[in-house]
Amino acid sequence: MGNNISRRMYPSFLKNRMKPKCASRNEHHFNRNSTLENCSHSSIQDVNASSDESEDGFYRFVILHAEEDIEEAIRVQDLLQNEYCIKPGIIFAEMPSGRHLLENLTDAINDSAWIIILLTENFLRDLWCEFQSYTSLLGALTIPHKHNSVIPMRPRNRPLPWERTPFILQCVNILQEDSPGFSAQVKKTFQEAQYRQQEKVWRYGRKKEVA
């Protein structure tokens with residue numbers, strides 16, 4: 001499995017989206033500040049737009065997805081960022097190229113407040129997806145500030161049926177895009193206080209690394 005994972009490639013249409021991480025951070029920071037005033041979601045209105053909330057690379061969410069679901073992951077990313085103003089966010093395929101996937105997975109989990117697991121029909125066909133989900137859940141159980149940070153999500157398109165969902169993920173609150181209460185679920189899940197707490201821990205860890 002290790003060799004297959006390390007050689008995994010993504011479609012060419014992502015070429016313009018897959019930037020070095022430092023460039024992606026600056027771009028997200030610019031886009032958030034320039035468009036924040038257009039966000040109408042109530043969970044963002046209470047945030048001070050002048051505060052520096054991103055962050056040299058600390059994301060609000062990362063979407064873990066099957067290789068075949070990159071387009072769907074992008075759609076969900078755009079939905080959360082543009083309609084609910086939960087930004088910056090990233091999908092796993094946008095992580096820096098040229099690195100081992102395990103390194104990128106570690107960074108994706110450590111550098112994001114929430115880990116969204118995209119539960120589609122392709123999820124069970126990809127062992128890498130299962131590995132991602134179990135690794136994320138292990139971190140949420142063993143790292144205190146990561147509790148409640150893993151969010152399985154059934155997207156509108158080709159969702160994984162409940163009866164085929166791994167039992168361990170059935171035990172976690174799942175976002176259901178086609179549910180009438182989806183907007184309320186999003187607001188309840190992505191709490192500003194939890195983000196701030198994780199960002200504070202992340203910044204402290206970064207300072208220790210460079211000390």
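1. Q170 is partly exposed, at a relative accessible area of 24%; here buried means under 20% relative accessible area, exposed over 50%, and partly exposed in between (1.4 Å probe, protein chains only). The model is a predicted one, in which local features need pLDDT of at least 70 and side-chain atom pairs count only at pLDDT 80 or more, while totals for chains, interfaces and linings use all residues. Residues are numbered from 1 along each chain as its sequence is written, and side-chain values use heavy atoms, with hydrogens and water left out.

2. Q170 belongs to helix 7 (residues 167-170); helices (H or I, at least four residues) and strands (E, at least two) are DSSP runs, numbered from the N terminus. Leaving aside residues up to four places away in sequence, Q170 touches W162 and T165, a contact being heavy atoms within 4.5 Å. A polar atom of the Q170 side chain lies 3.2 Å from the backbone oxygen of W162. The C-alpha atoms of Q170 and P152 are separated by 8.7 Å, with the two residues 18 apart along the chain.

3. The protein chain contains nine helices and five strands. From the N terminus, the order of elements is α-α-α-β-α-β-α-β-α-β-α-β-α-α. Of its 211 residues, 48% count as buried. Among contacts with a separation of 6 or more, 75% are between residues 24 or more positions apart.

4. The five strands form an open sheet in the order 2-1-3-4-5, with parallel pairing. The edge strands are strand 2 and strand 5 (175-176), each of which pairs on one side only; two strands pair if DSSP finds at least two bridges between them. Strand 4 and strand 5 are joined in the parallel sense over two bridges, and the bridge partner of R154 in strand 5 is Q176.

5. Helix 9 (residues 192-210) has 19 residues and reaches 27 Å from its first C-alpha to its last, close to the 27 Å expected at 1.5 Å a residue; the expected span is 1.5 Å times one less than the number of residues. Its buried residues are E192, Q194, Y195, Q198, E199 and W202. They cover an arc of only 150° around the axis, which puts them on the same side of helix 9; the arc is that of the directions from the helix axis to the C-beta atoms. An α-helix has 3.6 residues a turn, so residues three or four places apart point the same way.

6. On the other side of helix 9, A193, K200, Y204, K207 and K208 are exposed. The cover over the buried residues of helix 9 includes strand 1 (59-64), helix 5 (101-110), strand 3 (112-118) and helix 8 (182-189).

7. The loop between helix 4 (70-83) and strand 2 (89-91) contains P88, and a cis peptide bond, with omega about 0°, joins K87 and P88. C85 is also placed in the loop between helix 4 and strand 2. Its phi is near 55°, a positive value in a residue other than glycine, and C85 counts as buried at 3% relative accessibility.

8. R158 is another non-glycine residue with a positive phi, near 50°. R158 is located in the loop between strand 4 (150-154) and helix 7, and at 42% relative accessibility R158 counts as partly exposed.

Key: A polar contact is a pair of N or O atoms within 3.5 Å; within protein, one must be able to donate a hydrogen and the other to accept it, and residues adjacent in sequence count only if both atoms are side-chain atoms.
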